[in-house]
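Colleague: I would like to learn how to read a model like this one. Could you take me through its features in turn?

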Amino acid sequence: MSTYGFPASSMQAASRGAMAYQRVDAQSRSPLELVVMLYDGAIRFLGEARAAHERNDHRGRATGVSKAMAIVGELRSTLNVDEGSSLALELDRLYDYMFGRLLEVTTKRDMSGVEEVERLLVTVREGWVQVSAATSTTASPPRS
């Protein structure tokens with residue numbers, strides 16, 4: 001038996017079903033919506049890291065920070081800095097700064113980095129939400 005009295009195979013099937021749903025959900029999103037989803041994930045993981053720190057759960061803090069760092073690294077790797085776009089260059093610098101601050105959290109256990117990066121992510125996320133909304137408004141045909 002597994003959790004809640006369900007057989008382990010049922011729980012595994014439910015988990016696979018949830019993962020399949022998430023995959024389909026992500027595949028049906030626009031690139032801008034995917035960027036917002038990445039920000040949401042990083043923000044969520046930093047919140048988990050902060051909560052783990054408050055519980056004195058060092059492993060939980062490290063896991064949350066590590067996952068947020070992975071997302072920031074992924075966001076950075078998708079930038080087209082070779083084209084010289086000023087936005088891409090500024091985001092590259094910002095992601096580099098965020099990554100460095102999160103590294104300090106890991107090495108120096110300085111939790112101020114979590115809060116700072118979380119604030120930055122929320123701010124930039126809001127900008128992407130506005131861009132996504134403006135893009136979807138102009139891309140959809142007018143209704144009669």
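This is a predicted model: local features need pLDDT of at least 70, side-chain atom pairs count only at pLDDT 80 or more; totals for chains, interfaces and linings use all residues.

Modeller: Start with a single residue and ask where it sits. S132 is placed in helix α5, residues 112-139.

Colleague: Is S132 buried or exposed?

Modeller: The call rests on a cut-off: buried means under 20% relative accessible area. S132 has 14% relative accessibility, so S132 counts as buried. Setting aside residues up to four places away in sequence, S132 touches L32 and E33. One of these, L32, is also listed among the buried residues of α2.

Colleague: What does the secondary structure of the chain come to?

Modeller: The chain has 5 helices and 0 strands. Read from the N terminus, the order is α-α-α-α-α. Of the 144 residues, 26% count as buried. Among contacts with a separation of 6 or more, 55% join residues 24 or more positions apart.

Colleague: How do I check the length of a helix, and what does α4 give?

Modeller: Compare the end-to-end distance with the span expected at 1.5 Å a residue. Helix α4 covers residues 86-108, and its 23 residues should span 33 Å; the end C-alpha atoms are 32 Å apart, which agrees. The 24 residues of α2 reach 35 Å from first C-alpha to last, close to the expected 34 Å.

Colleague: Which residues of α4 are buried?

Modeller: They are A88, L91, D92, Y95, M98, R101, L102 and V105. Note that D92 and R101 are on that list.

Colleague: What does the side chain of D92 make a polar contact with?

Modeller: For a buried polar residue, look for a partner. The side chain of D92 makes a polar contact with the side chain of R76, at 2.6 Å. Apart from neighbours within four places in sequence, D92 is in contact with R76, L79 and V81.

Colleague: Now take α2. Where is A49, and is A49 buried or exposed?

Modeller: A49 lies in helix α2, residues 31-54. Its relative accessible area is 0%, so A49 is buried. The buried residues of α2 also include V36, Y39, G41, I43, F45 and L46.

Colleague: Which residues does A49 touch?

Modeller: Not counting residues up to four places away in sequence, A49 touches G60, R61, G64, V65 and M111. Sequence distance and spatial distance are read separately: A49 and K67 are 18 residues apart in sequence and 9.5 Å apart in space, C-alpha to C-alpha.

Colleague: How many aromatic pairs does a search of the whole structure find?

Modeller: The search finds 0 aromatic pairs. A ring can still be read against a charge: the charged end of R44 sits over the ring of F45, 4.7 Å from its centre. F45 is itself one of the buried residues of α2.

Notes: Residues are numbered from 1 along each chain as its sequence is written. Side-chain values use heavy atoms; hydrogens and water are left out. Helices (H or I, at least four residues) and strands (E, at least two) are DSSP runs, numbered from the N terminus. The expected span of a helix is 1.5 Å times one less than its number of residues. Buried means under 20% relative accessible area, exposed over 50%, partly exposed in between (1.4 Å probe, protein chains only). Contact means heavy atoms within 4.5 Å. A polar contact is a pair of N or O atoms within 3.5 Å; within protein, one must be able to donate a hydrogen and the other to accept it, and residues adjacent in sequence count only if both atoms are side-chain atoms. Rings of Phe, Tyr and Trp (its six-membered ring) pair if their centres lie within 6.5 Å; planes under 30 degrees apart count as stacked, over 60 as edge-to-face and the rest as tilted. A charge sits over a ring if NZ of Lys or CZ of Arg is within 6 Å of the ring centre and within 35 degrees of the ring normal.
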